Amino acid sequence: MDRTGARPPEALLEAAAPARGAAVAAPAASAVRIDSLGAWYGARKAIEGISLAIAPRTVTAVIGPSGCGKSTLIRCVDRLHEVTPGARVEGRVHVGDVDIYAPGTDPVAVRSMVGMVFQKPNPFPTMSVYENVAAGPRLRGSRIPRGALDDLVERNLRRAALWDEVKDKLGRPGADLSGGQQQRLCIARALATDPAVLLMDEPCSALDPISTYRIEELMRELAGDVTIVIVTHNMQQASRVSEWTAFVLAGDDGIGRLVEFDATEQLFTKPADPRTEAYITGRFG
Amino acid sequence: MASPALAVRPALALGRRRVVDRAMSVLFVAATVAAVTPLLLVVGYIAVQGAHGLSIALVTQLPAPVGEPGGGMGNAFVGSAILIAVASAIALPVGILSGVYLSEFGGGRFGDVLRFFTDVLTGVPSIVVGIVAYTILVVPLRSFSALSGGFALSIIMIPTVARTTEEALKRVPLTIREASLALGVHEWTTILRVVIPTGLAGIVTGAMLGIARISGETAPLLFTAFGSAFWQQGLLKPIAAVPLQIFQYAISPYTDWHEQAWAAALILMLLVLGLNVAIRAVTRTGFRTVR
Amino acid sequence: MATTAPESRPRRPPTRGLLGGASVPDAAFRAVALAFGALVLALIAAMVAVMVQGSVHAIQRFGLGFLSGTLWSPNDRIFGALPFIYGTVVSSLLALLIATPIGLGVAIFLVEMAPHHVSNAISVLVELLAAIPSVLLGLWGIFVMVPFLQRTVEPALQAVFPGVPLFEGAPYGVGLLAAGLILAIMIVPTIVAISRDVMATVPVAQREAMLALGATPWETTRRAVLPYATSGILGAVVLGLGRALGETMAVTMVIGNRPVISPSLLEPSYTMASVLANEFTDATYDLYVSALIEIGLVLFGITILMNVAARLLVRRTARVSGRGER
């Protein structure tokens, strides 16, 4: 049996911490700090020179036309970008005070402290509702007593506002739920690993308006204890749920760059950059 | 003068083209009938002829000495089961893990090479596989054996299992893997506990296809398992097998044995076709069984 | 909070792909999977080594004359493989001659003509035919097909083509014709399955463009589908040929097993695979065994070549029609 998998991620992160050096210590004020981030797919550069600092316990929206690299951007924060063959990353990303691309940092440890919700609901098809929520701790090899695991599952299903709907069918396959319920199950699954940051990649794009509304409501509730970054192509959604908004746009070279990052209200009412204004008023994209 | 001719010619031309089209259609239907007829003839004959000789003794008793009525080939059925078990014990781990490699890490040059040669392995004549197993196991162990027979069959089974496993795992959506990785689950745990369970039906299909493929194989057993008139005596001794027994009985001059060959053929055919039909029922998507 | 630009201290970007970044257990798992993959390649290498090693004795003794020698007489220690090569090639080509038009016809019927459910049903039937063990086809061949050939087909052929060398001799039933027919039955499914898949990759837009020009369905197939699928269909045929060359049991049961070279399809013959099946366990001295293994090596080499060629051809079609093999 593998022991490393059972090691709490904090231990790995602490081990990695000295490597970063005191001189570059990230200010604890930001939950996520991105410095000059660039990402490639093979020879093609998708994003370039993106720098952002995201405040803890806020909702930040990343908006921009499709293909501008906004999904790539948040996948870099979870070290998921590199899973694609040929993909690579430059620059630095701090989550809390951990430099997640430091040479000694284990991507697996990074992923356990950053949660991710994907565009299409993707519950594990072979697992029940219960097992889906418990999947993170279980597959990482944590030995949690049954009672504590029951509590963990219930707590996170409640946080995802799903408990009342599924408490009688915890043993049913996760795939049996409706689309909106599946997405909330995926949120519960991500929350169950107790992430400091929750990344959401267009989480409502495959859902009906009512399910979308419930997830937006949920995001506002969760923002009390989790930092949320949501990628969306829907500007109304961005303005409804977020306090901060980043606008990413691909130039003529096809490479996405950060155009503007500001408080949501400011960005939507008094954008500083003409390209932002063009986008939010619907002149392109 | 010119205008009626112009009006008529296209119609005439189309008439001839229609006839050609019809004729070709008839030919294609005829080809289909010609391809399916032998199947029905073979299956029909084996069913009718085999039904005569079916008896409990066939699957429970040892062969009777020549000239004596009765007897069976129970030892061959037990032998085939043992050979299939030995082959599976070798081919399933090797085939499934190579399939995992091909699906999960096989994107590079080595993966291409492995995929290509795995496919080529399916085309190696089974009689050649028999010679290889003879040289590698029978010669050093100084005896025909169940072990060498099972080894020969495993060589035939491995590519089927490997490629179906690969296909099954490749059908597991990327988002499922990413969901697991995003939870901070290790890649190996993701593969073993999320990807493989999700693709399990396909892997089981591969195993069944492999077993269906080897259960009728005869040529590689001729000089490995060799055949035997007795119950099995361990993995290092010669062992009987149903297809071998069918072959030996079919080319013998005794009508008793012919009848037993037909009956055993019926059982073997039901097993092989049954497995194939079961596979199709399980995977409604229609699996490629012919490579 | 403004972000600090890190340009002042350039450093190697942490560009680890999955492999570079893999932790110890992940790397170990990869290594295990890789080892099993390598095992398959090692197995193939071992097969080649075993066959070459086993043939050395006969190769040194007979050289190339082994392949052209027409006499096979183990009692006199004379080993010429030509009768087996001849029997193998002729029976396989005969099978190809019968199976190619039929297999192609079925594939066109399945892809271009038949309604979906009919096409599915027949595909299943044809694939089941491929699953029938060859020893069962041989059994049927011995007791049903051979007597039928002997009593009905062969006399009829001789009556229709009197004096044609192809059909001379006593009608035994067993012989090249029987072997070719049984092989044809066995390789039709291969040709059907591969050409069907290859033809199915031709884009629908190609067909529709042709139909829109007023072409009949057959013209559409001939002009828009077959040209695209040519190399893949060729691949299917070559794969079928490879299968026919290496097929053992059914052929052994119906070909008559006599190492002679005769122009008549009605005469008994012998194939490389059949002589291995019949004589390998009877080979009483080293040179005899080595000569048999050399026959196996030749067969191995030819079938591998056929397979490699076929798969390259099929892969090329997949690329041409824009649906690469992943």
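A residue is taken as buried when its relative accessible area is under 20%, as exposed when that value is over 50%, and as partly exposed in between. By this criterion, buried residues make up 57% of the 285 residues of chain A in the predicted model described here.

In one of them, the side chains of Lys45(A) and Glu48(A) meet at 3.0 Å, taken from N to O; Lys45(A) counts as buried because its relative accessibility is 15%, whereas Glu48(A), with a relative accessible area of 26%, is partly exposed. In the other, Arg79(A) and Glu82(A) are paired, with their closest N and O atoms 2.9 Å apart. Here Glu82(A) is buried at 4% relative accessibility, and Arg79(A) is likewise buried, at 0%. Over all chains, the count of salt bridges comes to 29.

In chain C, a further salt bridge is formed by the side chains of Glu112(C) and Arg207(C), with an N to O distance of 2.9 Å. Because Glu112(C) lies in helix H4 of chain C and Arg207(C) in helix H8 (residues 204-212), this pair ties together parts of the chain that are 95 residues apart in sequence. Glu112(C) is partly exposed, with a relative accessible area of 22%, while Arg207(C), at 13%, is buried. In chain B, salt bridges that share partners join Asp112(B), Arg115(B), Asp119(B), Arg163(B), Glu166(B) and Lys170(B) into one network.

Several buried positions of chain C can be described through their surroundings. Thr88(C) belongs to helix H4 (residues 82-113) of chain C and is buried, its relative accessible area being 1%. When residues up to four places away in sequence are not counted, Thr88(C) touches Leu245(C), Tyr270(C), Thr271(C) and Met272(C). Met272(C) is also one of the buried residues of helix H11, together with Ala273(C), Ser274(C), Val275(C), Leu276(C), Ala277(C) and Glu279(C). Helix H11 (residues 272-279) of chain C is largely enclosed by the rest of the structure, because 7 of its 8 residues are buried. Ser195(C), located in helix H7 (residues 176-200) of chain C, counts as buried at 0% relative accessibility. With residues up to four places away in sequence again left out, Ser195(C) is in contact with Leu104(C), Ala107(C), Ile233(C) and Ala236(C).

The interface of chain C and chain B involves 82 residues from chain C and 86 residues from chain B. The two chains bury about 7500 Å² between them, and 81% of this area is on carbon and sulfur atoms. Across this interface there are 3 salt bridges, among them the one in which the side chains of Arg280(B) and Glu127(C) meet at 3.2 Å, N to O. On the side of chain C that touches chain B, helix H2 (residues 24-62) gives the most, with 17 residues. By class, this side of chain C has 59 nonpolar, 13 polar and 10 charged residues.

Within chain B, two domains are assigned, domain 1 spanning residues 2-53 and domain 2 spanning residues 58-282. Their centres, taken over C-alpha atoms, are separated by 38 Å, and the contact between the two takes 9 residues from domain 1 and 7 residues from domain 2. About 700 Å² is buried between these domains, 85% of it on carbon and sulfur atoms. Ile46(B), Gln49(B) and Gly53(B) are the residues of domain 1 that lose the most area to domain 2, together providing 56% of what that side buries. Between the two domains the count of salt bridges is 0, and 0 residue pairs are found in polar contact when both residues are required to be at pLDDT 80 or more. The side of domain 1 that touches domain 2 has 5 nonpolar and 4 polar residues, with no charged residues.

Notes. Residues are numbered from 1 along each chain as its sequence is written. Chains are lettered from A and ligands numbered from 1 in the order in which they are written. This is a predicted model: local features need pLDDT of at least 70, side-chain atom pairs count only at pLDDT 80 or more; totals for chains, interfaces and linings use all residues. Side-chain values use heavy atoms; hydrogens and water are left out. Contact means heavy atoms within 4.5 Å. Buried area is the accessible area (1.4 Å probe) that two parts lose on being put together, summed over both. A salt bridge is a side-chain nitrogen of Lys or Arg within 4 Å of a carboxyl oxygen of Asp or Glu. Helices (H or I, at least four residues) and strands (E, at least two) are DSSP runs, numbered from the N terminus. Ala, Val, Leu, Ile, Met, Phe, Trp, Tyr, Cys and Pro count as nonpolar, Asp, Glu, Lys and Arg as charged, and the others, Gly among them, as polar. Domain bounds come from an automatic or database domain assignment. A polar contact is a pair of N or O atoms within 3.5 Å; within protein, one must be able to donate a hydrogen and the other to accept it, and residues adjacent in sequence count only if both atoms are side-chain atoms. Buried means under 20% relative accessible area, exposed over 50%, partly exposed in between (1.4 Å probe, protein chains only).
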